[in-house]
Amino acid sequence: MITEKGFCAKLKTFLIFAGPTTFVFLSVVIIPFLFGIYLSLTNWDGIASAYRFIGLQNYLTVFRDQLFWKSFFLTLKYVFSTVVLVNVIAFVLAYLLTRGVKGENFLRAGFFVPNLIGGIVLGLIWHFVFSRVLVFIGKSLNLSLFSYSWLANPQKALWALVIVSVWQYSGYMMLIHIAGLVNIPKELFEAAIIDGASAGQRIRRIILPLMVPSFVVTLFLTLQRSFMVYDVNLALTDGGPFRSTELISMHVYKKAFLAQEYGIGQAQAFFLFIIVAAITLAQVYFTKKWEVEM
Amino acid sequence: MKDVKMQFTVKEKKGGSILRSSRHLLLYLVLLIYLFPFYLVVINAFKDRRSIILNPLGIGGAVKLTNFVEAFTKMNYWQGFWNSLVITALSVLIIAFFSSMTAYYFLRYKGKLNKILFFMMVASMLIPFQSIMIPLVRIYGSTLKLLDNKWILIYMYLGFGSSLSVFVYHGFMKSISVELEEAALVDGCTQIQTFFKIVFPLLRPTTITLVVLNVLWIWNDFLLPSLVLISKANRTLPLSTFYFHGTYTSDYGLLMAGLLLTILPVIAFFILMQKHVISGMMQGAIK
């Protein structure tokens, strides 16, 4: 370790090495975050320069707001379905792609492609697919499942959103699982095969326990991303039809920037932070407990 | 990444070839489904509205190349592309430059303040952007009047991007020995020289990983630029694509051509950097 002499020298090194990042980080993340907590306790409407401190009133309004809870539970439904499906599909793909398939790298790259493209463009592509192509297929083949656009149906629109998100993220999570799978020592499999373990037993007894670290990461990433989804939501359904797909991010956005109820919007946003932080921390804590020593 | 290519070479006991070929079939079938939306974009970008409505799946019929010309001008493609390029390239470079220095400092100079700052950066990764955006717009908009400016957006990307980058650099640097640096310092290098001549080159793999992660994030980002950039001339590619789509909702051929134009740069980046992107995405998550 390097030691410094005077206070001035210390300060100088700090300013050179960490000064710019610290300043920008504090001014872009920490100060707005703290200021946001304060804003959520005021009745600021976005325009008036004068606003009052009103305590927890915004939070009470939020808790009584039916539309907020509707959006919140919709988000939970979306997050749960997306996280489960993404991880299952990603793991299966990763498993199949680490067992010596021809064109492995090509397949891996192919599954990853949706991840390269932003949520807005993906949402717009699937908007076309759901409202034109699938309807065309449904009508041509007389499939009642597709003969009307899913995006116009309040029951199906959320599933359209789930499908797009699963398609978007499974390739990325697959890569993380592949990285985990190739790190499992081959000897373990050789030993297991010699001992007569079936493929199912090998998956359950060797692969899954050793893949817990990968799942810690993929669950964290998918949880965080699906809670915060906005782009795909906006481009695919814009919350419709009849608010049946207005997820929490979009709800906050509309509350603040369209309805101009900034104080309430910020209270919702802070509530979202508490939930996301609690769920992701709990997930990391509990999944880490499952990790096994090698 | 050599070990990625490593496979489980142990032969399965039973049902070898049938199992294997059905596995192949399954994988390529799933891949076809995955790539099917892109196929639709490509074929329909060359068609006019009528033939798309008649049959969005078919190929053939009249080829309409004017879709591309029209989309290109109507969405102000060059402007959007240029804005995206400048913002992404500068942000990514600045993040790599400052974050590596900060991570180095946090690791080598252990003080209470540094520990607190580092902890704050790590903890801040749990904050959803939505919890910051309202006060952010308020501070930089109505109070400081700095919005609608590319440079302030780059500034913000440094703020939002630094935590992950500092964290990843910090993790990687632990494996670099101090002796080389100490020798350089004894030989009369300043701290800055030591960092850039000795440490930074050693960080190359991490830098590549972070560049890939940050390029994909910033190039595709929508919400932050939509809040910061207001005037048409400042729009990035995702913004101009979105507004273009809002204006020409039912001219599908034109829209698909526009989407294809937006996708092409990222695909080009991927093809050029494929190895780095794949390994970067794997590494980035593990660290």
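What percentage of the 294 residues of chain A count as buried? The figure is 43%. By buried I mean that 20 or more other C-beta atoms lie within 10 Å of a residue's own, with C-beta atoms placed from the backbone; a residue is exposed at 12 or fewer and partly exposed in between.

Good morning. What I present is a predicted model, in which local features need pLDDT of at least 70 and side-chain atom pairs count only at pLDDT 80 or more, while totals for chains, interfaces and linings use all residues. Residues are numbered from 1 along each chain as its sequence is written, chains are lettered from A, and ligands are numbered from 1 in the order in which they are written.

Let me begin with chain A. Its secondary structure consists of 13 helices and 0 strands. Here helices (H or I, at least four residues) and strands (E, at least two) are DSSP runs, numbered from the N terminus. The radius of gyration of chain A is 24 Å, whereas a compact globule of 294 residues would have one near 19 Å. That radius is taken over C-alpha atoms, and the globule rule is 2.2 Å times the number of residues to the power 0.38. Along its principal axes, the C-alpha trace of chain A spans about 75 × 75 × 30 Å.

I turn now to chain B. This chain has 14 helices and 0 strands. Its radius of gyration is 24 Å, well over the 19 Å from the globule rule for 287 residues, so chain B is more spread out than a compact globule. Its C-alpha trace spans about 75 × 70 × 35 Å along the principal axes. Of the 287 residues in chain B, 42% are buried.

Chain B is also divided into domains, with bounds that come from an automatic or database domain assignment. Domain 1 covers 1-74 + 248-267, and domain 2 covers 79-239. The centres of these two domains of chain B, taken over C-alpha atoms, are separated by 34 Å.

How many residues does each chain bring to the contact between them? Chain A provides 80 residues and chain B provides 74. Two residues are in contact if their C-beta atoms, placed from the backbone, lie within 7 Å. On the side of chain B that touches chain A, helix α1 (residues 16-44) of chain B gives the most, with 9 residues. That side of chain B divides into 53 nonpolar, 17 polar and 4 charged residues. In this count, Ala, Val, Leu, Ile, Met, Phe, Trp, Tyr, Cys and Pro are nonpolar, Asp, Glu, Lys and Arg are charged, and the others, Gly among them, are polar.

Thank you for your attention.
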